[in-house]
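Dear colleague,

Please find below the structure that I am handing over to you. My notes on what was found in it follow directly after.

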Amino acid sequence: MTEYKIALVGFGGVNRGLAQLVADRNAEWKASLGFGIKIVGVTDLFLGSIVAEEGLDAKQLVALPIEKGALAQMSGGTAEALNEAVIKHSGADMIAEATFTNPVDGEPATTFCRWALESGIHVVTTNKGPIALHGAELKDLARRKGVAFEYEGSVMSGTPVIRLARQALAGVEVQGFEGILNGTSNYVLTRMKDGLAFNDAVAQAQQLGYAEADPTADVEGFDVRLKVVILANELLNARLSVSDVACSGISRISPEDIAQASANGASWKLIGSANREVDGSVRASVEARLLPNSHPLAGISGATNAVSFKTTLLGAVTVSGPGAGRIETAFALLSDIIAIHTTHGK
Ligand SMILES: NC(=O)c1ccc[n+]([C@@H]2O[C@H](COP(=O)([O-])OP(=O)(O)OC[C@H]3O[C@@H](n4cnc5c(N)ncnc54)[C@H](O)[C@@H]3O)[C@@H](O)[C@H]2O)c1
Ligand SMILES: N[C@@H](CCO)C(=O)O
């Protein structure tokens with residue numbers, strides 16, 4: 001029976017969700033998926049770090065209090081985040097990288113991915129920064145080292161979209177896409193429709209684990225911009241940089257705008273899109289749009305996301321599902337591990 005040794009880099013909502021899945025389902029996976037997972041290391045800026053080659057108790061990790069240096073409370077743990085040592089020397093076959101997304105330069109997560117890949121260790125990540133800003137370099141490094149670099153959860157959380165489009169839609173000629181790609185902003189717009197104030201709706205999204213560490217990234221469109229770059233480069237073979245994508249958010253939409261839209265049978269939505277132009281170039285944008293309620297994306301509510309691919313052979317193909325959430329995103333990491341097991345399984 002294959003047992004993957006994994007090190008968790010960043011132990012916030014998403015990787016705690018993965019530990020929860022391991023605690024609850026590892027035995028079942030051995031039967032249904034043909035492998036198990038052993039957590040051999042954890043490192044987190046706030047909580048500290050720990051390594052245990054024999055494996056850590058996932059239940060104990062899930063129950064760890066969210067207190068500065070809390071990993072020092074576990075036998076062998078320390079209050080220091082020994083990121084490099086945990087990534088390179090914990091004996092892990094793979095790391096699950098889930099630290100903060102840095103939309104400016106993708107650091108330090110990009111360095112964490114490089115350390116692992118250079119050491120011949122697979123990487124699964126939900127972090128948009130390294131992929132949107134350094135994806136080509138990291139994919140090339142992974143190829144050269146013969147290891148996997150998987151990032152399904154970077155777009156639409158656990159809802160399959162990157163691998164689905166890459167594999168199941170291969171050959172249908174994707175010409176473009178438009179979608180609701182941020183759970184927090186869609187949740188905020190939905191709750192404002194119910195009468196909640198903007199700031200209160202953002203606070204709820206934070207409590208529910210949807211928002212970025214700095215929710216400005218959600219409501220000003222920066223998070224969607226990263227996702228548009230990832231999807232356009234992945235599916236349209238574009239070579240977009242973040243600066244190529246015009247971007248605005250939802251913070252200027254007032255309760256009055258929302259009420260007026262409702263009265264007129266329309267809804268405000270934050271839409272990320274990219275399209276191949278006749279000259280072959282790809283044009284992309286992120287903006288709030290007023291959609292008639294008959295539009296397929298107008299009825300997508302709460303933290304649900306949806307993306308509609310424009311294809312030559314099938315017309316529009318639309319995928320909808322959770323766009324954020326701790327367990328939902330942890331599932332994306334599991335789907336990456338399953339993909340690694342399929343391609344690199346021992
Ligand atoms: N929560 C979601 O719904 C969701 C969905 C898709 C993608 N993501 C992405 O997944 C990642 C993790 O999300 P989350 O909700 O768990 O965030 P989180 O804020 O709950 O956790 C991030 C953790 O990373 C740690 N960290 C930050 N910088 C670090 C560093 N330099 N070294 C070590 N640890 C560091 C923090 O202390 C924190 O515990 C983010 O990049 C986010 O954009 C989240
Ligand atoms: N903060 C992001 C997490 C998923 O990438 C969102 O709300 O969509």
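A polar backbone atom of Tyr210 lies 2.7 Å from a nitrogen atom of ligand 2. In Lys128, an N or O atom of the side chain is 2.8 Å from an oxygen atom of the ligand. For Lys227, the distance between a polar side-chain atom and an oxygen atom of ligand 2 is 2.8 Å. Ligand 2 has 250 Å² of accessible area on its own, and the protein covers 93% of that area. Two elements, α7 (183-193) and α10 (222-235), each give two or more residues to the shell around this ligand.

Please note that the model is a predicted one. The mean pLDDT of the protein is 97, and 100% of its residues reach 70 or more. For the complex, the predictor gives an ipTM of 0.99 and a pTM of 0.96.

To complete the account of ligand 2, its surroundings also include Asn182, Gly183, Thr184, Ala211, Glu212, Asp218, Asp223, Gly323 and Ala324. How do the residues of this shell divide by class? There are 3 nonpolar, 4 polar and 5 charged residues. The space that ligand 2 takes is the largest pocket.

I turn next to ligand 1. Which residues are closest to it? They are Asp44, Thr99, Thr101, Thr126 and Gly325, out of 24 residues that surround the ligand. By class, the shell around ligand 1 consists of 9 nonpolar, 12 polar and 3 charged residues. The largest pocket is also the space taken by ligand 1.

The side chain of Asp44 has an N or O atom 2.6 Å from an oxygen atom of the ligand. At Val14, a backbone N or O atom is 2.8 Å from an oxygen atom of ligand 1. At Leu45, a polar backbone atom lies 2.9 Å from a nitrogen atom of ligand 1. On its own, ligand 1 has 830 Å² of accessible area, of which the protein covers 88%.

Finally, two features of the backbone deserve mention. Where does the model contain a cis peptide bond? The bond from Glu107 to Pro108 is cis, with omega near 0°. Pro108 belongs to the loop between β4 (94-97) and α4 (109-118). Ser157 is found in the loop that runs between β6 (149-150) and α6 (162-168).

With kind regards

Methods: Residues numbered from 1 in each chain as written. Chains lettered and ligands numbered in written order. Predicted model: local features only at pLDDT ≥ 70, side-chain atom pairs only at ≥ 80, totals over all residues. Heavy atoms only, no water. pLDDT = per-residue confidence, 0-100. Near = heavy atom within 4 Å. Polar contact = N/O pair within 3.5 Å; in protein donor to acceptor, adjacent residues only side chain to side chain. Areas by Shrake-Rupley, 256 points an atom, 1.4 Å probe, with all protein chains shown as cover. 1 Å grid on protein atoms, 1.4 Å probe; cavity = no way out; pocket = protein on both sides within 12 Å on 5 of 7 lines; lining within 4 Å. Sits in = over half its atoms within 2 Å of the grid points. Nonpolar A, V, L, I, M, F, W, Y, C, P; charged D, E, K, R; others polar. Helix = DSSP H or I, 4+ residues; strand = E, 2+ residues; numbered from the N terminus.
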